Amino acid sequence: MNPDQVRQYLSFYQDLGVKNIYRRKASEAAKAAEPLAAGVVAASAAGAAKPAKTPAKPAPWAIEPGAVAPPTLIKPATKPQIVVPELIPLAPTGDTLLQISADIGDCHRCGLSKARSKIVFGSGNERAQLVFVGEGPGADEDAQGLPFVGRAGQLLTQMIDGTAAKEGIPIHRSDVYICNVVKCRPPENRTPLPDEMEICGEFLFRQLMAIQPKAICALGSTAAKALLATKDGVTRLRGKWHKWRDIPVIVTFHPSYLLRPYNQDAKREAWEDLKRVLHFVYD
Ligand code: SF4
């Protein structure tokens with residue numbers, strides 16, 4: 001670079017506002033340039049070692065210019081494998097009502113444990129061919145630890161014993177099994193909450209699996225909801241068969257609903273439902 005060029009550079013830097021320009025010693029400049037030079041050498045050495053690219057041979061299936069292209073063979077897409085999850089066993093092998101009751105123990109798995117007096121597990125014949133499932137214990141049941149012992153329970157007993165006698169079916173209430181979706185009394189007899197039904201429903205399902213009845217009678221919409229996972233009410237569900245794990249289910253009104261004075265039609269329908277399920281199981 002001649003002196004004129006240097007002057008031009010300096011005036012250019014001054015215009016930019018650069019006041020001090022340092023000049024590195026020749027030895028430092030040489031040292032800084034070393035790695036750069038080494039890299040360039042290595043790169044050129046590598047370039048020299050690289051074999052020259054040979055023109056690619058045409059593939060055997062390549063089409064010559066002007067030739068008619070053969071139909072393209074489309075490889076069938078591999079089907080995605082469908083993994084069918086196995087049904088989770090609800091109950092341990094050889095499960096018994098005694099074992100389920102022991103597993104419940106002094107249960108505090110849901111909020112219903114706070115206000116209950118007694119857990120109402122269920123009662124009746126362990127080998128029953130027919131199981132009645134209600135909603136949850138009321139005040140009398142909570143006090144005695146037994147299901148359906150209050151007014152609604154007495155009506156249920158009359159319905160079972162009376163209908164069976166009238167239809168010539170030799171069974172009594174003690175021949176069937178009776179339990180509820182939840183085993184502890186909901187405060188103020190409110191409807192059990194979904195999480196309470198889900199948690200306690202595990203025990204109901206184990207009870208049903210252990211008994212393996214020929215049919216189940218769901219008393220009221222809560223029992224129907226727990227067994228059939230439906231939002232439909234009793235009026236829509238009754239009068240036809242449903243299934244819970246291959247076990248036929250009939251849905252009818254809860255006895256406490258039938259105790260209300262204005263439900264005459266529902267009483268007649270509940271008797272029809274009961275006749276139907278009794279004949280199905282015991283004929
Ligand atoms: S309702 Fe069922 S899950 Fe809840 S505390 Fe009672 S026994 Fe346990």
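Which helix gives the most to the lining of the largest cavity? In this predicted model, the answer is helix H6 (residues 194-211), with three residues. The legends below begin with that cavity.

**View 1. The largest cavity and its lining.** One cavity of 30 Å³ or more is found in a search of the whole structure. The largest cavity holds about 80 Å³ of space. Its lining consists of 13 residues, and Cys 107, Cys 110, Arg 116, Cys 184 and Cys 200 are the ones that lie nearest its centre. Sorted by class, this lining comprises eight nonpolar, two polar and three charged residues.

**View 2. The ligand and its surroundings.** The ligand takes the space of the largest cavity. Around the ligand are Cys 107, Arg 109, Cys 110, Leu 112, Ser 113, Arg 116, Lys 183, Cys 184, Ile 199 and Cys 200. In this shell, six residues are nonpolar, one is polar and three are charged.

**View 3. The largest pocket.** The largest pocket contains about 630 Å³ of space. Its lining is made up of 29 residues, with Glu 135, Gly 136, Ala 152, His 254 and Ser 256 nearest the centre. At least two lining residues come from each of helix H4 (139-144), helix H5 (151-166), helix H7 (221-228), helix H8 (234-237) and helix H9 (255-258). The class composition of the lining is eleven nonpolar, twelve polar and six charged residues.

**View 4. The aromatic pair of Trp 241 and Phe 280.** Three aromatic pairs are found in a search of the whole structure. In the pair of Trp 241 and Phe 280, the ring centres are 4.7 Å apart and the planes stand at 45 degrees; the pair is therefore tilted. Distant parts of the chain are linked by this pair, since Trp 241 belongs to strand E5 (residues 241-244) and Phe 280 to helix H10 (residues 264-282), 39 residues apart. Trp 241 is partly exposed, at a relative accessible area of 31%. Phe 280 also counts as partly exposed, with 33% relative accessibility.

**View 5. The aromatic pair of Phe 253 and Tyr 257.** Phe 253 and Tyr 257 form a stacked aromatic pair, with 5.3 Å from centre to centre and 20 degrees between the planes. Phe 253 has a relative accessible area of 7% and is therefore buried, whereas Tyr 257, with a relative accessible area of 30%, is partly exposed.

**View 6. Lys 231 in the loop between H7 and H8.** The loop between H7 and H8 contains Lys 231. The relative accessible area of Lys 231 is 81%, so this residue is exposed. Lys 231 and Ser 221 are ten residues apart along the chain, and their C-alpha atoms are separated by 8.3 Å.

View 7. Glu 188 is not a glycine, yet has a positive phi of about 55 degrees. This residue is found in the loop between strand E3 (177-180) and H6. With a relative accessible area of 76%, Glu 188 is exposed. Asp 246, likewise not a glycine, has a positive phi of about 70 degrees. Asp 246 is part of the loop between E5 and strand E6 (247-252). Its relative accessibility is 65%, and Asp 246 therefore counts as exposed.

Note on methods: Residues are numbered from 1 along each chain as its sequence is written. This is a predicted model: local features need pLDDT of at least 70, side-chain atom pairs count only at pLDDT 80 or more; totals for chains, interfaces and linings use all residues. Side-chain values use heavy atoms; hydrogens and water are left out. A residue is near a molecule or strand if one of its heavy atoms lies within 4 Å of it. On a 1 Å grid over the protein atoms alone, a cavity is a set of points where a 1.4 Å probe fits but cannot get out, and a pocket is an open set with protein on both sides within 12 Å along at least five of seven lines; lining residues have an atom within 4 Å of a point. A molecule sits in a cavity or pocket if more than half of its atoms lie within 2 Å of its grid points. Ala, Val, Leu, Ile, Met, Phe, Trp, Tyr, Cys and Pro count as nonpolar, Asp, Glu, Lys and Arg as charged, and the others, Gly among them, as polar. Grid points are joined across faces, edges and corners, and a volume is the space filled by probe spheres set on the points. Helices (H or I, at least four residues) and strands (E, at least two) are DSSP runs, numbered from the N terminus. Rings of Phe, Tyr and Trp (its six-membered ring) pair if their centres lie within 6.5 Å; planes under 30 degrees apart count as stacked, over 60 as edge-to-face and the rest as tilted. Buried means under 20% relative accessible area, exposed over 50%, partly exposed in between (1.4 Å probe, protein chains only).
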